[in-house]
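Visitor: Hi! I'm new to this one and would like a friendly tour. Could you put it up on the screen?

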Amino acid sequence: MKLFKQMCVVAYIILVALCCSLPFFGMIFGWGAKSTENRAMTALPDLYAVTEDTIAPNLAFTEELGEYYSDHFGFRQELVTADSWLNENFFGRSSNSRVTVGRDGWFFLSQTADDYTGSSDLSERGIYRLSRTLDLMNRYCADANITFLFFVAPNKNSVYPQYMPWNIRVSPTAGNLDRLTGAMRAKLYYLDVKSVLVKKAAEKSGNLYLKNDSHWNNIGALAAYNAIQDNLNCRVRNYDYLPIDQSKLYISQYLVTGDLTAMLYPAAQKKDVQYDLGLPRSFSSSKPLNNLMDSELNTTCQGRYYSLMCYRD
């Protein structure tokens, strides 16, 4: 009996040692992680820091090696996915500090919580400086005979606060965007897209944001597009880009992987519903288009008189 207990203890120690070493050996034998997040994975650090004049030991080598290992250890995607599933389903929380797990399967970008709760409110002077800067930009464009339009794509939790977790409370006072909107209410060049989306969401004709992504979906983009066209139709002579009637579109659905899902479930990414509006592509790219996150996009549309320059964050 004593021998059996000793064998069980040894077997348990061996099992724990194998489990702990499995990620390391997985990385060694090429079963390391591949990034599914919207970021570059940490590169293997150098032992020496090389400059034009000197070669010196890299004093941050061990720290950088730890960051490299945390990005590349074997079975990382599977372990991260399992940890996220356990945290979401048993504790209702996120295992990734950049993602907030909400209600009914909704995910939110954690960095937007500060504005939601009011913990990062700007001062009155800060709001004034923003509005003054926009006035100066509008004046500059007007002097150059350019129509200026400014709008903010609202955070998902400001359009769907009912899906935020119960322990994150919305601020009882107006947030930064609402305060800026109040200061800019009389400005024709300022477009309140948040009010447009909140009103559209209240119609309950479909989600305007992807549940597991930080961006709006194509239905939400269409609502913002129509609001932009309405604004420009009132301000630009002979402007003929008319709003699109959603009820006349043949809308189909397809599945996509949200950016927030990729952070939590890299090995078993849940799919989100996106909408194909069935609109013909009436523009062409002036240079190779890798993805919509490129720092610069150039497109042309044949037969159109007006040109557009758009800056985004």
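Visitor: How are α5 and α7 oriented to each other?

Guide: α5 and α7 are oblique to each other, a word used for angles that are not under 35 degrees (roughly parallel), over 145 (roughly antiparallel) or 65 to 115 (roughly perpendicular). Their axes cross at roughly 55° and come within 10 Å. Axes here are lines fitted to C-alpha atoms, for helices over the stretch in contact, with angles from 0 to 180 degrees between N-to-C directions.

Visitor: Before we go on, what kind of model is this?

Guide: This is a predicted model, where local features need pLDDT of at least 70, side-chain atom pairs count only at pLDDT 80 or more, and totals for chains, interfaces and linings use all residues. Residues are numbered from 1 along each chain as its sequence is written, and side-chain values use heavy atoms, with hydrogens and water left out.

Visitor: Back to those helices. Which residues of α5 and α7 meet?

Guide: From α5 (residues 124–143), Glu 124, Ile 127, Leu 130 and Ser 131 meet Asn 176, Arg 179, Leu 180 and Ala 183 of α7. Contact means heavy atoms within 4.5 Å.

Visitor: Which way does α5 pass α7, left-handed or right-handed?

Guide: The crossing is right-handed. That is the name when the near helix is turned clockwise from the far one by less than a right angle, and left-handed is the name when the turn is anticlockwise.

Visitor: Which residues of α7 are buried?

Guide: They are Asn 176, Leu 177, Arg 179, Leu 180 and Thr 181. Buried means under 20% relative accessible area, exposed means over 50%, and partly exposed is in between (1.4 Å probe, protein chains only).

Visitor: And what covers them?

Guide: The cover includes α4 (113–117), α5, β5 (150–151), β6 (190–191) and α8.

Visitor: Zooming out, how many helices and strands does the protein chain have?

Guide: It has ten helices and ten strands. Helices (H or I, at least four residues) and strands (E, at least two) are DSSP runs, numbered from the N terminus. The protein chain has 313 residues, and 31% of them are buried.

Visitor: How much of its contacts join residues at least 24 apart?

Guide: Counting contacts between residues at least 6 apart in sequence, 63% join residues at least 24 apart. Ile 168 sits in the loop between α6 (156–159) and α7. Leaving out residues up to four places away in sequence, Ile 168 touches Thr 100, Tyr 116 and Thr 117.

Visitor: New topic: which residues of the largest nonpolar core touch the most other members?

Guide: Of its 27 residues, those are Trp 106, Val 159, Tyr 160, Leu 197, Leu 208, Tyr 209 and Leu 277. A nonpolar core is a set of buried Ala, Val, Leu, Ile, Met, Phe, Trp, Tyr and Cys residues joined through side-chain atoms within 4.5 Å. Helices α8 (193–202) and α9 (218–235) each supply at least two residues of this core. The largest share, seven residues, comes from α9.

Visitor: Where is the second core?

Guide: The second core is separate and has eight residues, among them Phe 148, Leu 177, Tyr 189 and Tyr 190.

Visitor: You mentioned α8 and α9. At what angle do they pack?

Guide: The angle is about 130°, and the axes are 10 Å apart. That makes α8 oblique to α9. Val 193, Val 196, Leu 197 and Lys 200 of α8 meet Gly 220, Ala 223, Ala 224 and Ala 227 of α9.

Visitor: What about Tyr 239, buried or exposed?

Guide: Tyr 239 is buried, at 17% relative accessible area. This residue lies in the loop between α9 and β7 (252–256). Beyond its neighbours within four places in sequence, Tyr 239 is in contact with Gln 229, Leu 232, Asn 233 and Tyr 306.

Visitor: Last one: what is the phi of Asp 104?

Guide: Asp 104 has a positive phi of about 55°, although it is not a glycine. Asp 104 lies in the loop between β3 (99–101) and β4 (107–109), and counts as exposed at 60% relative accessibility. Asn 145 is another residue other than glycine with a positive phi, near 60°. Asn 145 is in the loop between α5 and β5 and, at 74% relative accessibility, counts as exposed.
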